[in-house]
Amino acid sequence: MTQTYFKTAWRAIRKNQGFTFLNIFGLAMGITCFMLLCAYLVHEWNYDRFYPNIDRLAWVSYGYKGDSENEYQYVPTTPTAAAPTLKNEFAEVEEAIRLAEYSGEGVVKTATQTVVETQLMLADEGFFQVLNYPFVQGALSTELLSEPYQIVITQDLAKKYFRDQSALGQTLVIDNQPWKVTGVVENPPTNTRFNFHAVLSNKHLKRFQEQVWHSANDVTLLLLKNADSFDPLQKQVTAFIDQRFRTSPDKAASVQVNIEKLSDVHLFSKAGRGNLMYIYIFAALAVAIIVLASVNFTNLILARSSERAKEVGVKKVLGAARYAIFYQFLLECALMISIATLIGLFFTWLLLPAFSQYIGVEMQLQLWREPLFYLALILFTVFMSLLGGGWPAWMISCLRPLRILKGKGATAKEGFGSAKALVVLQFCISLLFITCTLFATRQLQFLQQTNTGLNREQVIVLNGSVLKDADRTALKNDLLRLNAVKGVTASYDSPVSVQGGYTASDIEGKGNDVAISVTAIPVEKDFLTVFEIPIVAGENLTEADILRARDTSTAQEYSFMINKLAAQAMGFSQDEAIGKRMNLNGRIGRIKTVVDNFNFASLKEEVQPIVIFPEYDYFGNIFVKVDQHADMAATLGAIGASWKRIKPDIPFESHFLDDDYAALYKHERQTAKIMGLFSGITISIACLGLFALSAYAAQQRIKEIGIRKVLGASVARIVTLLTIDFVTLVIIALCISIPITWWIMHRWLEEFTYHINIEWWIFLIAGVATIAIAFLTVSFQAIRAALANPINSLRDE
Amino acid sequence: MIKITNLQKFYRTEEVETVALNDLNIHVQEGEFVAVMGPSGCGKSTLLNIIGLLDDLDEGSYVFNNVEVAKFNERKRSDLRKHNIGFVFQSFNLIDELTVFENVELPLIYTNVPAAERKKRVEEVLEKVQIMHRRNHFPQQLSGGQQQRVAVARAVVNNPKLILADEPTGNLDSSNGNEVMNLLTELNEAGTTIVMVTHSEHDAKFSDRVIRMLDGQVIMETTTV
């Protein structure tokens, strides 16, 4: 019997090719979106979870807070002492390793080329064992990184530098230092935080031999002896740290060492980079899209069900039971859904690279290697068949044979009623997406345009980490000679995202036990000038301040610049603060300047107290302020030429400070982009459904239209008659979607300290646009029906 | 075979109640060929649908093969129908997506006849109605007469005891109509009971007995032989 069902189903599909195409295409589009989103979700969800030892791997994060603060600030890094201490003091820890970014320039020289390699990491020798990492050349051992200047590289790097030769024992020259290759490992997948091109031994660096508890710069990774010792270990570590720091001179700050499961770090950790909220948003988006596409499918099947009524009637008369009819139609739907799933799968495969580029998350998934993937695919098809085909099959199987054979149109009208309810649901979801996208875009625009108190326009950022002091000075002098360059300065990290956590203590006139946690940033002399940060009291830095700060004798003194909030936190008015002595993590000096408050972090956070101080040890960034009337391309060329004169062996790289600022909202931008894309798709799917449904409605009412025309109705009146129903549906959808959108956006915007208000006109725009699109979709069919010669439809009778 | 007593059938809308069949009594013997005639709206088709268990009766009794079936549920009706009754409609009601062979095969599928047996029986019956050469055609590719022959073949393939025909020649020209009537007569001669609704006096002459109806009641019964 199943064979007959298949045959009938296949013929029915082929018979109504246009309808079938629209239906399958709409569904395939939805499935593609669903699968792309699922790919993203799988990618994020499996972050780091594929390591064989994952249930025993722990990430150590570090929390600290000053006396005056209520909450700990968490960083994903730890001081150098953490790993050895944890390994030596606690029996639960099998191995502990440290990991840090290689801080050199990363210039790899071969006979033919000079390349700057990124993603180089310094690690303790146990790194690969802790992760149980798969090797391509060489084997897992603790000897790999145990000597200075040993390096383990990835397959890609081995191929790049050694082609088909074995890389083992070969030498790679990085920053003029030869490194001996002791192993080649598989390329790390895209969803791990250990996304390296090469791992270098840290044995040549003194700082890894000294165990200190300040300066949290390293990642610490633990391999526990067994999977359930996380909680006991955390308790012991907390007790240990309390004991260790009770007598610490740094009593102002309290410290926390957190043992987190590596598998949870990406999404759940306070120190993680992923954001669970966006996982939820994308999951909701995926579910919404698949529901929408299924609804569309159901809708079209229902709308056309009366065309199949005769067949159902005859079959019932001939003795077919209801379940047999249900089964037949379910099978037919399942067949269409399977085709749509296969098409969807193909397009997902085709579009995944583009999608991954679009959202800015590198994704390389090899799901097709997993047997589970195929099971999931089969389950998905079955589920979709029940979701999309179950209801129409049930409705159709309920048709009463007599009514149909008498030509009473069966349940066409009922089917149509449900179809209308489903249209409302579809447009509700579409409108929700569209409005949310509009709000998100506006918020991002607001963030980008908000005056954060420092002028980041026309500022080019160069890599300062590769320049020594003399080189930087030479470059600055060189660049200042260019007419287009208005100023050059440098700082430790980016002024739009200052990371450094410091403590200001021994503040003059405030007693010895007052200490304030502040953010602080070492800067070059012209920092305030280049970024146009307004001075509210005191004066800007001079050459003399720099010389005093760089003095190596006891005469060394820093000139601190603080913001208004810092002055307030210290209990000074702006003017009182000037000249006060203070200690910033061992740096003694006086407050020279009070500047206006400016945002030095994401606008999700409120402005905090900050100390800006001249310290010429290390500058990660060099900033070149370009005149706004200058020719940017020519200026960049000139800057590049200067760079080449001073640092010929390092390629010139630059970007705009605005890009750094934009990067602070990467997640938001990603989400807005995805939402934008998918709101476009959902509205297309909804319109596809509406198009088919309106065609069907027009066809159903063809006799009525004929009669009305004969009686003198104008084309406009008939078009109105046919479109008003559908437009009403969209208006109902709009009314339902507004409060839901309002609630969601209210929650989202609350995440930002600085945000836009929920404005009514955004709803208006989304509503009007959607209604217009729906009207256009429907009116096409309506006009066609209205222009038809009524004689034709009436003669049909 | 069919014994209907005091049958009442109403059609109700919110405001009006129309009596379709009013205190109707009918007996049909096994092997009989009965024609039901009457003007449009007199209730012939409603009667046929009730006999075919496609429609409920509101009052009265319906005994089919000595079993009271008036209160049967949908499942029992469907069961009784597929084993005992064949239908022929004015508009043929063939399924467009199925070939001639598949259309005729359908009732056998619903009665779970094995495939080999199905093939044999379908071929036999297609030979009988002389449409074997068109077995792989779709209904739209056939003439009206041919379509109705297929419909008759489908009605008899399960060897039903009763064939219900609702104006079987209504959509056919006279020669095709005669062909179908001859076919029905042959089936009747082979032992199948036939109840046929018709407007055509010509067709009625093929039957043993004519029941004439008006306003939901039997007004006259005549024997034609």
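**Figure 1. Contacts in chain A that reach across the sequence.** Among contacts in chain A between residues at least 6 apart in sequence, 82% link residues at least 24 apart. Keep in mind as you browse these views that this is a predicted model. Of the 797 residues in chain A, 41% count as buried.

**Figure 2. Helices and strands of chain A.** Chain A has 25 helices and 24 strands. Taken along the principal axes, a box of roughly 110 × 60 × 55 Å holds the C-alpha atoms of chain A.

**Figure 3. An annotated domain in two stretches of chain A.** The UniProt record, an unreviewed entry, carries the annotation "domain: ABC3 transporter permease C-terminal" for residues 285-397 and 677-786 of chain A. Here we look at residues 677-786 of chain A, where the chain is 86% helix and 0% strand. The end C-alpha atoms of residues 677-786 lie 35 Å apart.

**Figure 4. Where chain B meets chain A.** This contact draws 19 residues from chain B and 18 residues from chain A. On the side of chain B that touches chain A, the elements giving two or more residues are α2 (74-84) and α3 (100-110) of chain B.

**Figure 5. Residue classes on the chain B side of the contact.** Sorted by class, the side of chain B that touches chain A holds nine nonpolar residues, along with six charged and four polar ones. Both α2 (74-84) and α3 (100-110) of chain B give two or more residues to this side.

Conventions
Residues are numbered from 1 along each chain as its sequence is written. Chains are lettered from A and ligands numbered from 1 in the order in which they are written. This is a predicted model: local features need pLDDT of at least 70, side-chain atom pairs count only at pLDDT 80 or more; totals for chains, interfaces and linings use all residues. Helices (H or I, at least four residues) and strands (E, at least two) are DSSP runs, numbered from the N terminus. A residue is buried if 20 or more other C-beta atoms lie within 10 Å of its own, exposed if 12 or fewer, and partly exposed in between; C-beta atoms are placed from the backbone. Two residues are in contact if their C-beta atoms, placed from the backbone, lie within 7 Å. UniProt positions are given in the numbering used here, feature names are shortened, and annotations may be inferred rather than shown by experiment. Ala, Val, Leu, Ile, Met, Phe, Trp, Tyr, Cys and Pro count as nonpolar, Asp, Glu, Lys and Arg as charged, and the others, Gly among them, as polar.
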